[in-house]
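Here is a short briefing on side-chain contacts, surface patches and backbone features. Please keep the structure open while reading.

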Amino acid sequence: MSEHMKLYEVFIRSRRGLDHKHVGSLHAEDPAQALEYARDVYTRRSEGVSIWVVNSSDIVASQEGDCESFYDPLDDKPYRHATHYQLPDEVNNM
Amino acid sequence: MTTEHHEQDLAALEQRFQARIDAEEKIEPKDWMPEKYRQNLIRQISQHAHSEVIGMQPEGNWITRAPSLHRKCILLAKVQDEGGHGLYLYSAAETLGASREEMNQALHDGRAKYASIFNYPALTWADIGAIGWLVDGAAIVNQVSLQRTSYGPYARGMVRICKEESFHQRQGYHIMMTLARGTAEQKAMAQDSLNRFWWPSLMMFGPHDAESAHSAQSMKWKIKRQSNDELRQKFVDQSVKQAEVIGLSIPDPDLQWNEQRGHYDFGDIDWEEFNRVINGDGPCNRQRLAHHVKAHEEGQWVRDAISAHEAKKRQRNDRQAA
């Protein structure tokens, strides 16, 4: 499929104040076209107020299988959570 | 375009901008915004970021001297969090077109400030408790309010920070509680620390509303959602009970419940001290800044090595492609 146009990932901000969320991808010749296609396909029912398109090849991703060696979930460090600290009831809403 | 036309356009843009703010809509990076709004935000967010990073110093100072391995782990994790908070905030400021180098330079030149509280030394282990309980506590009151600030990236950064901040305050209070329940000496150490940190903590909220240089415009633009005095009152009200529960007393003879207001009345803040410290003459101002400059300069070889490595890699790839 080498004749395919470049792949773009599409991110949409559903409402002001919220982060852009990944919604899918599409092929396009250039970024401007990708933006128009994204509008045509992904925002047909007022899904958003702002669209980002990014070349899929520009996305660098970690692999879930590498979790353990790449980033330790630190389950052995419960003191990083607020609930670790037992406080008297009267002030426990801290 | 004539100047007159230009001014009309500008007025229309400003009107639309304010209408959006009045309707509780967030402003996002690519939106049109008044230059003053942008500058005001860059100033506030970068100073907030500097505070997170400079704030690592008084606490970092105690990592090697924490009284147990457990407390040392906690303190390490907390100081690491603060570094991360600095990053969230610098990135939010960068969405407004400020560069990291400019912000750093402004800090080093003394043009940009940071929370005056970090110019006080952490003299005893109890100070690590007081900093978590009071300083982070005051920061949380401020930051909870800022979750509703009008600039989207700042508001979202605040949500992220608040989520992590609650552990900071609780671990600090837990240190104070443990000391207060310990020997007479330990309890005295906790009380001494509260005595030294109480007033500077109240100063963290800034000048009284009437004297605050940026307040009125910031409230209109909803960069700030509650005034300095409102936030300070909230902090006092919540802290009184917290001190009581662990048997410590707040060093303010004028502190008293006011039935009519439904709040605690409290004594006058020493604004002379506040001005002295914020303008460079606190106990540790020079030390804090010198340390930051030194760390930055000593890190230069790391940044150089990274870009040298990048250049080499690029060269190698180009050769292979050719």
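## Salt bridges

A:D19 and B:R160 join their side chains in a salt bridge, at 3.6 Å from N to O. This pair runs between chains: A:D19 sits in the loop between β1 (6–13) and β2 (21–28) of chain A, and B:R160 sits in helix α7 (residues 152–180) of chain B. The model is predicted.

**The bridge between the chains**
- A:D19 is partly exposed, because its relative accessibility is 40%.
- B:R160 is partly exposed as well, with a relative accessible area of 38%.
- Over all chains, the count of salt bridges is 23.

**Bridges within chain B**
- B:R20 and B:E25 form a salt bridge, and their closest N and O atoms are 3.2 Å apart.
- B:R20 has a relative accessible area of 30%, so this residue counts as partly exposed.
- B:E25 has a relative accessible area of 33% and is also partly exposed.
- B:E24 pairs with B:K222 in a salt bridge, with the closest N and O atoms 2.8 Å apart.
- This pair connects distant parts of the chain, 198 residues apart.
- B:E24 is in the loop between α1 and α2 of chain B, while B:K222 is in the loop between α9 (215–220) and α10 (228–245).
- Is B:K222 buried or exposed? B:K222 counts as buried, because its relative accessibility is 15% and the cut-off for buried is under 20%.
- B:E24 is partly exposed, with a relative accessible area of 43%.

**A network of shared partners**
- Salt bridges with shared partners connect A:R13, A:D19, B:E28, B:R156 and B:R160 in one network.
- A:D19 and B:R160, the pair that crosses between chains, both belong to this network.

## Backbone of the bridged loop residues

- B:E24 is not a glycine, yet its phi is positive, at about 65°.
- B:K222 is not a glycine either, and its phi is positive too, at about 60°.
- These residues are the two partners of the 2.8 Å salt bridge.

## Aromatic pairs

- How many aromatic pairs does the structure hold over all chains? The number is 10.
- B:F17 and B:Y37 make an edge-to-face pair, with 4.8 Å from centre to centre and 75° between the planes.
- B:F17 is in helix α1 (residues 3–22) of chain B and B:Y37 is in helix α2 (residues 35–54) of chain B, so their pair ties together parts 20 residues apart in sequence.
- B:F17 and B:Y37 are both buried.
- B:W271 and B:F274 also form an edge-to-face pair, with centres 5.4 Å apart and planes at 85°.
- Where do B:W271 and B:F274 lie? Both are in helix α11 (residues 271–281) of chain B, 3 residues apart, which is about one turn of the helix.
- B:F274 is buried, because its relative accessible area is 9% and buried means under 20%.
- B:F17, B:W32, B:Y37 and B:W221 are linked by ring pairs into a cluster.
- The B:F17 and B:Y37 pair, which joins helices α1 and α2 of chain B, has both of its residues in that cluster.

## Surface patches

**Negative charge on chain A**
- A:E68, A:D72, A:D75 and A:D76 come together in a surface patch of negative charge.
- A:D72 is located in the segment after α2 (67–70) of chain A.
- Is A:D72 buried or partly exposed? A:D72 counts as partly exposed, because its relative accessibility is 47%.

**Nonpolar patch on chain B**
- B:W301, B:V302 and B:I306 make a nonpolar surface patch of about 340 Å².
- B:V302 belongs to helix α13 (residues 300–321) of chain B.
- The relative accessible area of B:V302 is 37%, so B:V302 is partly exposed.

## Chain B overall

- Chain B contains 13 helices and 2 strands.
- The C-alpha trace of chain B spans about 75 × 60 × 35 Å along its principal axes.
- Chain B has 322 residues, and 49% of them count as buried.
- B:F17, B:Y37, B:F274 and B:K222 are among the buried residues.

Notes:
Residues are numbered from 1 along each chain as its sequence is written. Chains are lettered from A and ligands numbered from 1 in the order in which they are written. This is a predicted model: local features need pLDDT of at least 70, side-chain atom pairs count only at pLDDT 80 or more; totals for chains, interfaces and linings use all residues. Side-chain values use heavy atoms; hydrogens and water are left out. Patches are made of residues with over 30% relative accessible area and no salt bridge: like charges are joined within 9 Å, nonpolar side chains (Val, Leu, Ile, Met, Phe, Trp, Tyr) within 5 Å. Accessible areas come from the Shrake-Rupley method with a 1.4 Å probe; for residues, only the protein chains shown count as cover. A salt bridge is a side-chain nitrogen of Lys or Arg within 4 Å of a carboxyl oxygen of Asp or Glu. Lys and Arg count as positive and Asp and Glu as negative; His and the chain ends are not counted. The place of a charge is taken as NZ of Lys, CZ of Arg, CG of Asp or CD of Glu. Helices (H or I, at least four residues) and strands (E, at least two) are DSSP runs, numbered from the N terminus. Buried means under 20% relative accessible area, exposed over 50%, partly exposed in between (1.4 Å probe, protein chains only). Rings of Phe, Tyr and Trp (its six-membered ring) pair if their centres lie within 6.5 Å; planes under 30 degrees apart count as stacked, over 60 as edge-to-face and the rest as tilted.
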